[in-house]
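Hello,

Here is the two-chain structure I promised to pass on to you. Have a look at it first, and then read my notes below.

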Amino acid sequence: MGNRGTRQMAGEGAAMLERHLVQSVGFRNTGPAGARDGFEFRLRLPYYRGIPASLCDGVAVSVDGESFGFEGNRIELDGRELSLGALREAVDVRWRIDQAAIVRVPRPGGLAVGVHAITVDVRLRQSYFPPQFQPSIVTETRAATIVL
Amino acid sequence: MSTAAFKYGVSLYSYSEDIGTVLTLEDAVESVADLDATGIEILGEAHVPGYPNPPAAWIDHWFALLERYRLEPTNYGSWVDTRLRLARPMTAIEAAADLARDIRLAARLGFRMVRPKFGVVSFDLVPDPIWREAVERVLDLAHDSNVIICPEIHAPTPIRHPVVDAYVEFIQRTGTKNFGLLIDTGIFQDRPLPHMPGETPEMRRDFLNGIHVEPADFLAVAPYVVFIQAKFHSITDALADEHIPWERIVPMLKRAGYSGYLSSEYEGERAPWKSLEQVRRQHALMRKLEREYDARSRPPAG
């Protein structure tokens, strides 16, 4: 895999993140060349404070109109890769505002090299909003590039 | 008769989205000091690296920043995430543990007030009833830590409301000095906020049009108010606030003898760096109104 680590993993202190939720750095295919099994990207928390990971109810993704439901995507925080079920129970893992999560999406063959329109729906449960408005869903679309 | 003077501060909430993308924490602290403000307010789980266990070196750095810029820590925002688990509600004991965690960290960073945001159980934002037992369990800790716990009165909850009555009743019943009220000036908003991009009339939540609390309602709770978050959304080039009637709020706070903080909480458009400029405008406006009030109430010479 081409992931050679991030500054947050090396413990070198927080880097400035891009203003977009989906970060351009880190958008890449997963799996060996010729046998790609999906793609991944780094995601900034769309909120003004960090949260216990269990308050994130998954991330739905769409690329060039093809949808990948929030139930099937996995999220890595603090080096722990979490399925939706594990995420909902991760009360001791925190998603900090200065720390991008890594979202992994299964897709046999990965994505084609080039520029894609990628949309995220980030689902958050906020305890201090009325129950009928939960989860809140924050949506953003951007163009991002797969290099290899 | 001289009137009590306000103290001026800023909540780093004002710079949400900017801190960590186009501003460092240090940039933000410098911008607060440049207003000649004396107080800085933070959100624990936003501005403390490694929350809830910041490295010791960062705590040293925090105190060095305060000293360099001559700022005092005012209020520390925390959350009691009652929906932490999907499977079951939070218990009062768990909520007390969350409060204790933040009171300890806030005190360690020099803060005198902790604003807990409790989860709610209804459309009109009634806090989860576990708040009472949770707070009672940490009152001794708050006392020993020299911290006042102060839930915020925030739109759509007005001052005249059972939620506020319950907080006041709690203070009277326990006789505690370690629990008070925080007023968010968004309750005085008397003109509608602009619609968000993509927001249709059906999506509009009523309170975004303003809940129009009469500034004079403050007088009934003034003895219990320990902090004011000066919420605002947009101030024009002519120093006119488009939603919050400061020209009515400032004189009323002066008449009430309020001598605590006005801590800016910018909650407007999140274009990069816009928050910096908007906070400066608000400080110019609030200080001008206070000077004008003081000039009017000064006794004639001789």
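The largest nonpolar core has 109 residues. Those with the most contacts inside this core are Leu43(A), Val59(A), Val103(A), Met113(B) and Val147(B). The element that gives the most to the core is helix 5 of chain B (residues 130–145), with six residues. Please keep in mind as you browse that this is a predicted model.

Leaving aside residues up to four places away in sequence, Met113(B) touches Thr74(B), Asn75(B) and Tyr76(B), then Val147(B), Ile148(B) and Cys150(B), and finally Val226(B) and Phe227(B).

Now to where the two chains meet. On the chain B side, 23 residues are in contact with 20 residues of chain A. Helix 2 (44–47) and strand 4 (113–118) of chain B each supply at least two residues of that side. Sorted by class, the side of chain B that touches chain A has 12 nonpolar residues, six polar ones and five charged ones.

Next, the chains one by one. Chain A has two helices and 11 strands. Read from the N terminus, its elements run α-β-β-β-β-β-β-β-α-β-β-β-β. Its radius of gyration is 15 Å, close to the 15 Å that the globule rule gives for 148 residues, so chain A is as compact as a globular protein of that length. Along the principal axes, the C-alpha atoms of chain A fill a box of roughly 45 × 35 × 25 Å. Buried residues make up 32% of the 148 residues in this chain. Of the contacts in chain A with a separation of 6 or more, 67% are accounted for by residues 24 or more positions apart.

Chain B comes to nine helices and nine strands. The radius of gyration of chain B is 19 Å, close to the 19 Å from the globule rule for 302 residues, so this chain is as compact as a globular protein of that length. Its C-alpha atoms fill a box of roughly 60 × 55 × 45 Å along the principal axes. In chain B, 44% of the 302 residues are buried. Among its contacts between residues at least 6 apart in sequence, 83% join residues at least 24 apart.

Two places in chain B deserve a visit. One is helix 1 (residues 25–33), whose buried residues are Leu25(B), Ala28(B), Val29(B), Ser31(B) and Val32(B). These residues cover an arc of only 160° around the axis, which puts them on the same side of helix 1 of chain B. What covers them includes strand 1 (7–11), strand 2 (39–43), helix 2, helix 3 (56–69) and helix 9 (274–297) of chain B.

The other is His243(B), found in the loop between strand 8 (225–232) and helix 8 (246–255) of chain B. Is His243(B) buried or exposed? His243(B) counts as buried because it has 22 C-beta neighbours inside 10 Å, and the cut-off for buried is 20 or more. Not counting residues up to four places away in sequence, His243(B) touches Gln189(B), Arg191(B), Leu193(B), Gly210(B), His233(B) and Ser234(B). Of these, Leu193(B) is 50 residues apart from His243(B) along the chain, yet their C-alpha atoms are separated by 7.1 Å.

Best wishes

Methods. Residues are numbered from 1 along each chain as its sequence is written. Chains are lettered from A and ligands numbered from 1 in the order in which they are written. This is a predicted model: local features need pLDDT of at least 70, side-chain atom pairs count only at pLDDT 80 or more; totals for chains, interfaces and linings use all residues. Helices (H or I, at least four residues) and strands (E, at least two) are DSSP runs, numbered from the N terminus. The radius of gyration is taken over C-alpha atoms; the globule rule is 2.2 Å times the number of residues to the power 0.38. A residue is buried if 20 or more other C-beta atoms lie within 10 Å of its own, exposed if 12 or fewer, and partly exposed in between; C-beta atoms are placed from the backbone. Two residues are in contact if their C-beta atoms, placed from the backbone, lie within 7 Å. A nonpolar core is a set of buried Ala, Val, Leu, Ile, Met, Phe, Trp, Tyr and Cys residues joined through C-beta atoms within 7 Å. Ala, Val, Leu, Ile, Met, Phe, Trp, Tyr, Cys and Pro count as nonpolar, Asp, Glu, Lys and Arg as charged, and the others, Gly among them, as polar. The arc is that of the directions from the helix axis to the C-beta atoms.
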